[in-house]
Amino acid sequence: MSIRIKVDEALPRQVAELFAACGHDAVTVVMQGWQGLAEEALWPRVQQEERWLVTADKGFANLRVYLPGVHAGILLFWLDEESRRGYLGLTQTALDHLSFEELTGSIIVVTRRGIR
């Protein structure tokens, strides 16, 4: 089963391509011309489309603002040192180990050390 994904502008477009290659409906913020939007403006748009947000913006980890269970989901990639290769590796880890359909409404953090 596929899910709907929105990839944030700070991540390489290849992240969306990896999700799409696995059968997910994946688009990027850049594809829609939404780059530069603040979290407060981006979030309602993503949720109106009922999409998971895939991001590296640690602000989306705030459980008091982004309450689990009331949105499609957030997948947060957390790297100590940002790199395209690193983000693509975290994407593949998420695709290999997560069942997104069962995790709707969750905030999931993927690091090189694991998933939580």
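Which elements do the buried residues of α3 pack against? I opened the notebook with this, and noted that the model is predicted, with local features needing pLDDT of at least 70, side-chain atom pairs counting only at pLDDT 80 or more, and totals for chains, interfaces and linings using all residues. Residues are numbered from 1 along each chain as its sequence is written, and side-chain values use heavy atoms, with hydrogens and water left out.

**Entry: helix α3.** I found that the buried residues of α3 pack against α1 (13-21), β4 and β5, where helices (H or I, at least four residues) and strands (E, at least two) are DSSP runs numbered from the N terminus. The buried residues in α3 are Gly 86, Tyr 87, Leu 88, Leu 90, Thr 91, Ala 94 and Leu 95; buried means under 20% relative accessible area, exposed over 50%, and partly exposed in between, with a 1.4 Å probe and protein chains only. An α-helix has 3.6 residues a turn, so residues three or four places apart point the same way. I also checked the length: at 1.5 Å a residue, the 14 residues of α3 should span 20 Å, and the end C-alpha atoms are 20 Å apart, which agrees; the expected span is 1.5 Å times one less than the number of residues.

**Entry: the sheet.** I traced six strands in an open sheet of mixed pairing, in the order β2-β1-β3-β4-β5-β6, where two strands pair if DSSP finds at least two bridges between them. β2 (25-28) and β6 (114-115) stand at the edges with a single partner strand each, so one side of each is left without a neighbour in the sheet. Strands β4 (residues 74-77) and β5 (residues 107-111) run parallel and are joined by four bridges, and Leu 75 has Ile 108 as its bridge partner in β5. Helix α3 (residues 84-97) packs on the sheet and touches β4, β5 and β6, its direction making about 140° with that of β4; contact means heavy atoms within 4.5 Å, and the axes are lines fitted to C-alpha atoms, for helices over the stretch in contact, with angles from 0 to 180 degrees between N-to-C directions.

**Entry: the cores.** I looked up the largest nonpolar core, which has 24 residues, and those with the most contacts inside it are Val 15, Phe 19, Val 54, Leu 75, Phe 77 and Phe 100; such a core is a set of buried Ala, Val, Leu, Ile, Met, Phe, Trp, Tyr and Cys residues joined through side-chain atoms within 4.5 Å. α3 gives the most to this core, with five residues. A second, separate core of ten residues includes Trp 34, Leu 42, Val 46 and Tyr 66.

**Entry: two buried polar side chains.** I placed Thr 55 in strand β3 (residues 52-55), where Thr 55 is buried with a relative accessible area of 0%. A polar atom of the Thr 55 side chain lies 2.9 Å from the backbone nitrogen of Asp 57; a polar contact is a pair of N or O atoms within 3.5 Å, and within protein one must be able to donate a hydrogen and the other to accept it, while residues adjacent in sequence count only if both atoms are side-chain atoms. I then found His 24 in the loop between α1 and β2, buried at 11% relative accessibility, with its side chain reaching the backbone nitrogen of Ile 3 at 3.0 Å.
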